[in-house]
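I opened my notebook to look up how this chain is put together. I wanted its overall build before its details.

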Amino acid sequence: MSLPENLRYTEEHEWIEDRDDVVRIGITQHAAEALGDIVFVQLPEVGEQIEAGQTCGELESTKSVSDLFAPVTGEVVAINDSVVDDPALVNAEPFGGGWLLEVRATATGAVLTAEQYAGLIEQ
């Protein structure tokens with residue numbers, strides 16, 4: 001599995017991409033594969049405040065329901081309506097079209113480099 005070097009990762013298997021004044025957030029390919037076929041995505045509302053380390057949504061698959069943990073603190077400025085309408089995008093393109101939300105971050109929780117995250121998932 002390849003991990004984009006430009007992203008930062010969390011131990012809860014989210015990724016963060018810096019995009020000017022906001023960060024884009026999604027789940028990793030490892031998480032998407034572990035969940036199985038994602039059939040429902042619940043995300044916070046635009047304008048909602050989220051806090052690093054706290055639950056900010058859910059991903060439901062044919063296997064289970066998994067919490068989405070906020071990797072940053074800040075205001076949600078966009079959600080990916082495409083994944084709400086077609087949750088399978090998260091499985092098909094976890095690092096691309098399957099992104100989940102964008103946040104104007106005021107703080108970032110604990111994050112890992114691609115190399116550190118690779119070491120985590122190899123354990």
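**Entry: overall build.** I noted at the start that this is a predicted model. I found four helices and nine strands in the chain. I read the pattern along the sequence as β-β-β-α-β-β-β-β-β-α-α-β-α. The radius of gyration is 13 Å, close to the 14 Å that the globule rule gives for 123 residues, so I wrote the chain down as being as compact as a globular protein of that length. I also looked up the span of the C-alpha trace along its principal axes, which is about 30 × 30 × 20 Å.

**Entry: the sheet.** Which strands form the open sheet, and in what order? I found six strands in the order S1-S2-S3-S9-S8-S5, with antiparallel pairing.

I then followed S8 (residues 72-79) to its partners. S8 pairs with S5 (residues 49-50) over two bridges, in the antiparallel sense. There, Gly-74 in S8 is the bridge partner of Ile-50. S8 also pairs with S9 (residues 101-108), antiparallel again, over seven bridges. On that side, Ala-78 stands opposite Glu-102 in S9.

**Entry: inside and contacts.** Buried residues are 41% of the 123 in the chain. I looked at contacts between residues at least 6 apart in sequence, and 61% of them join residues at least 24 apart.

**Entry: surface and charge.** The accessible surface is about 6,300 Å², and 43% of it belongs to carbon and sulfur atoms. I listed 5 positive and 24 negative side chains. The centres of these two sets lie 5 Å apart.

Note on methods: Residues are numbered from 1 along each chain as its sequence is written. This is a predicted model: local features need pLDDT of at least 70, side-chain atom pairs count only at pLDDT 80 or more; totals for chains, interfaces and linings use all residues. Side-chain values use heavy atoms; hydrogens and water are left out. Two strands pair if DSSP finds at least two bridges between them. The radius of gyration is taken over C-alpha atoms; the globule rule is 2.2 Å times the number of residues to the power 0.38. Buried means under 20% relative accessible area, exposed over 50%, partly exposed in between (1.4 Å probe, protein chains only). Contact means heavy atoms within 4.5 Å. Accessible areas come from the Shrake-Rupley method with a 1.4 Å probe; for residues, only the protein chains shown count as cover. Lys and Arg count as positive and Asp and Glu as negative; His and the chain ends are not counted. The place of a charge is taken as NZ of Lys, CZ of Arg, CG of Asp or CD of Glu.
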